[in-house]
Amino acid sequence: MKKLTISLLAVIVCQAIALAQVTGTWLDARFMKKPMHNVLVVPQFIDNQQRVEAGDALVRAFSDKGVGAVPASGIIHYDSMYYYSTLERKLDSAGV
């Protein structure tokens with residue numbers, strides 16, 4: 001009975017998500033004044049290859065729009081721990 005209830009609940013949730021629609025958008029002029037620049041692209045994938053490919057694709061997309069972007073894979077090594085000051089120096093040296 002418990003499995004049936006969980007399965008039924010999962011089906012209802014999936015249907016609700018599938019039927020969801022965007023009905024409006026919100027814009028605040030305070031956040032639209034300056035164009036973006038010096039963007040650090042940090043894709044969140046467990047697989048390193050996917051992370052690098054997604055980062056490179058996003059950097060290309062930003063570059064096509066004239067926005068300077070840097071992939072995090074060239075700055076941050078995901079198998080290491082960083083102190084904030086070390087990470088801040090790395091980002092400063094990359095121009096981000």
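The model is predicted. The chain has 96 residues, and 15% of them count as buried. Three helices and two strands make up its secondary structure.

**Fold**
- Read from the N terminus, the elements follow the order α-β-α-β-α.
- Helix 1 spans 2-18, and strand 1 spans 39-41.
- Helix 2 covers residues 48-64, and helix 3 covers residues 84-93.
- Take the contacts between residues at least 6 apart in sequence: 53% of them join residues at least 24 apart.

**Confidence**
- Mean pLDDT for the chain is 78.
- A pLDDT of 70 or more is reached by 89% of the residues.
- Among the elements, helix 2 has the highest mean pLDDT, at 90.
- Helix 3 has the lowest mean of the elements, at 72.
- Where pLDDT is low, the predicted coordinates should not be read in detail.

**Core**
- The largest nonpolar core holds five residues: Val39, Val41, Val59, Val67 and Ala69.
- Val67 is in contact with Met36, His37, Val39 and Phe62, leaving aside its neighbours within four places in sequence.

**Strand 1 and Leu40**
- Leu40 sits in strand 1.
- Its relative accessibility is 26%, so Leu40 counts as partly exposed; the buried class needs a value under 20%.
- The C-alpha atoms of Leu40 and Ala69 are 5.8 Å apart, although 29 residues separate the two along the chain.

**Surface**
- The accessible surface of the chain is about 8400 Å².
- Carbon and sulfur atoms account for 62% of that surface.
- Trp26, Leu27, Phe31 and Met32 form a nonpolar surface patch of about 590 Å².
- Met32, one of the patch residues, lies in the loop between helix 1 and strand 1.
- Met32 counts as exposed because its relative accessibility is 56%, and the exposed class starts over 50%.

Methods: Residues numbered from 1 in each chain as written. Predicted model: local features only at pLDDT ≥ 70, side-chain atom pairs only at ≥ 80, totals over all residues. Heavy atoms only, no water. Core = buried A, V, L, I, M, F, W, Y, C linked by side-chain atoms within 4.5 Å. Buried < 20%, exposed > 50% of the residue type's maximum accessible area, 1.4 Å probe, protein only. Contact = heavy atoms within 4.5 Å. Helix = DSSP H or I, 4+ residues; strand = E, 2+ residues; numbered from the N terminus. Areas by Shrake-Rupley, 256 points an atom, 1.4 Å probe, with all protein chains shown as cover. pLDDT = per-residue confidence, 0-100. Patch = residues over 30% accessible without salt bridge, like charges linked within 9 Å, V, L, I, M, F, W, Y side chains within 5 Å. Salt bridge = Lys/Arg side-chain N within 4 Å of Asp/Glu carboxyl O.
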